[in-house]
Amino acid sequence: DRIDQWNSPHLPIFEPQLEEVVKSCRGRNLFFSTEIDSSIKRADLIMMSVNTPTKTFGMGKGRAADLKYIELCARRIAECADSDKIVVEKSTVPVRCAANIRRILSANKKPGGGGGLNFQVLSNPEFLAEGTAIENLTHPDRVLIGGDQKTEAGRRAIDTLAWIYEHWVPPSRIIKTNTWSSELSKLAANAFLAQRVSSINAISAICEETGADVSQVAHAVGSDSRLGSKFLQSSLGFGGSCFQKDVLNLVYLCESLNLKEVADYFYQIVQMNDYQRRRFAQSILGALFDTVSDKHIAILGFAFKKDTGDTRESSAIYLCKYLLEEGAHLHIYDPKVTKKQMLWELTAKTEAPVDELVTVCGDAHAACSNAHALVICTEWDQFKSLDYCRVYEEMMKPAFVFDGRMILDHDRLTQIGFVVSCIGKRLSTPVHDGFQ
C-alpha cells in the first residue's frame, strides 16, 4: 500500500516541494517498487534507509536503537547480490553499526570470481529537517561520508558516493571521514541541537519566575557570533523522530562504554524536555482554577513542527495526554495531521477514554467554539492570522490563551479580552489568586 501511494497522485507524507520533485522524476530516474531482489541484483550502490526506533523491550529498552530492520536488510542484500556492491547506511544508527553490517555481508556472501564478492559499507547520515527537507537536500550545509579510509577499495567507495553528490554539491561541502566518526557525528549533531532547545527552555522557567523575557534573552544570547540564534526559540518542548531517539541512543552508547557521567549529562537533555511539557500542562491546569475536568480545550496543532504532518514524539501528544487524564474534553485541529493519526497517537499514550474525550475538528474556529481555553501547540503560520476577535466572542469567559510556541501577539490578545499565558514571559494579565 505504501509503495502504491508513492506511485499515486497523493503521496503518503507531506513535505513542502516534495510532490513537485517526485512528479518531475518519477518514471524517469526515480522508481518505487516492491521488486526488492531484482533491484538489489541490478544496483551498484544500495542505500539502507529503514526505521531504527528506540527499543521498547529487552536490554537497552527505552534507550538503544532497535536494529532488526538493518540486519534484515543486510541479510537480504547478501542473499541476493551476485556482484560487488557499495552498501550505504542512511539510517541513524549506533556507532560501529557499519561493522556489524559488514560482518553479516561477509559471513553470508556468495562465492564469486577472485575469491568472492566485495562489499564496501559506508556511513552517509542524512541531515534533513522536516519542513525544509528539499532545501536541505539541494543546498546542504555539508554531506558526510564515512568509510574504510585505510584500504584502496574503501577510499574508492567513498569517492564513488562523493561523485554522485558532486553533481549538485560543491566538493568543499563534502566531508570524508572514517566510518565511526561519521556515525558518531550524526548522534552528536542532534544531541547538540536538542541541548540548545532544552537550555533555552530551562532559561524560560527562570524568566517566568523573575520577570525576564525569554525572547529577549534568546536574542541577546544569539547575537553572540560564537553561538548564533538558531534553535533558541523556547517552546513546550522539542519533538520529532530524531532528537529524543538519537540522544537516548547516545546515552546508551555512553552507558555501554562505562561513561556514566557523560551518559547522565546527555540524559538531562531529555529530562528537561519532559519537564517543560509537564510544566506547561501544569500552568494550564493552574490557570483554569485547578481543574480541567469536563472543560472544552482547543488544541491548535498536533504535528511536532509546522510544514509537516509528522507527529512522532510531538509535544502536543504529551500535553493532550496530561489534559485527558485530568478529564478535559479536547477539540483538536491540525491542517496536515489526519484524524486517524491523532487518535492512534493518543490511544497509544494514555488509558483515558480518547473516543469520548477527543473531537477532531476541520478548522481552527470550530475547535475554539465554546472552548474554555485554546492552546497553541504547533507554530503553523495560519494560527497567527486567525480572527481572534471572532474567536473571543465564541469562547467561554474568561477566555484563556496558552501560547506554547511564542508566535502570537500577546498585547493584542490581551486588549481583545483574552487571559494570555505563554512560555518564558510573565504577562501582566491577572489570572486568579496570584497566577500570572
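Is cysteine 254 buried or exposed, judged by its relative accessibility? In this predicted model, cysteine 254 has a relative accessibility of 6% and therefore counts as buried, since the limit for that word is under 20%.

**Cysteines**

The structure holds zero disulfides. Cysteine 254 is in no disulfide, and the nearest cysteine sulfur, which belongs to cysteine 97, is 17 Å away. Cysteine 207 is likewise buried, with a relative accessible area of 3%. Its closest cysteine sulfur is that of cysteine 422, and because the two sulfur atoms are 10 Å apart, they are too far from each other for a bond.

**Helix H11 and its partners**

Helix H11, which spans residues 260–287, meets helix H8, residues 179–210, where their axes come within 9 Å and cross at roughly 45°. This angle makes H8 oblique to H11, and the crossing is left-handed. On the H8 side the contact includes Ala191, Ala194, Gln195 and Ser198, while on the H11 side it includes Tyr265, Phe266, Ile269 and Met272. Sorted by class, the contact of H8 with H11 has nine nonpolar, six polar and two charged residues.

H11 also packs against helix H12, residues 315–324, at an angle of about 45° and with the axes 9 Å apart. H11 is therefore oblique to H12, but the crossing of H11 and H12 is right-handed. Arg277, Arg278, Phe280, Ala281 and Ile284 of H11 make this contact with Ser315, Tyr318, Leu319, Tyr322 and Leu323 of H12. The residues of the contact of H11 with H12 divide into seven nonpolar, one polar and two charged.

**Backbone features in the loops**

Most residues other than glycine have a negative phi, and most peptide bonds are trans. The table lists two residues with a positive phi, neither of which is a glycine.

| Residue | Phi | Relative accessible area |
|---|---|---|
| Aspartate 294 | about 65° | 59% |
| Methionine 406 | near 55° | 14% |

Aspartate 294 lies in the loop between H11 and strand S6, residues 296–300, and its accessible area makes it exposed. Methionine 406, in contrast, is buried, and it lies in the loop between strand S10 and helix H17, residues 410–416.

Which form does the peptide bond from lysine 397 to proline 398 take, cis or trans? That bond is cis, with omega near -5°. Proline 398 lies in the loop that runs between helix H16, residues 388–394, and strand S10, residues 400–403.

How values were computed. Residues are numbered from 1 along each chain as its sequence is written. This is a predicted model: local features need pLDDT of at least 70, side-chain atom pairs count only at pLDDT 80 or more; totals for chains, interfaces and linings use all residues. Side-chain values use heavy atoms; hydrogens and water are left out. A disulfide is a pair of cysteine sulfur atoms within 2.5 Å. Buried means under 20% relative accessible area, exposed over 50%, partly exposed in between (1.4 Å probe, protein chains only). Axes are lines fitted to C-alpha atoms, for helices over the stretch in contact, and angles run from 0 to 180 degrees between N-to-C directions. Helices (H or I, at least four residues) and strands (E, at least two) are DSSP runs, numbered from the N terminus. Angles under 35 degrees count as roughly parallel, over 145 as roughly antiparallel, 65 to 115 as roughly perpendicular and the rest as oblique. A crossing is left-handed if the near helix is turned anticlockwise from the far one by less than a right angle, and right-handed if clockwise. Contact means heavy atoms within 4.5 Å. Ala, Val, Leu, Ile, Met, Phe, Trp, Tyr, Cys and Pro count as nonpolar, Asp, Glu, Lys and Arg as charged, and the others, Gly among them, as polar.
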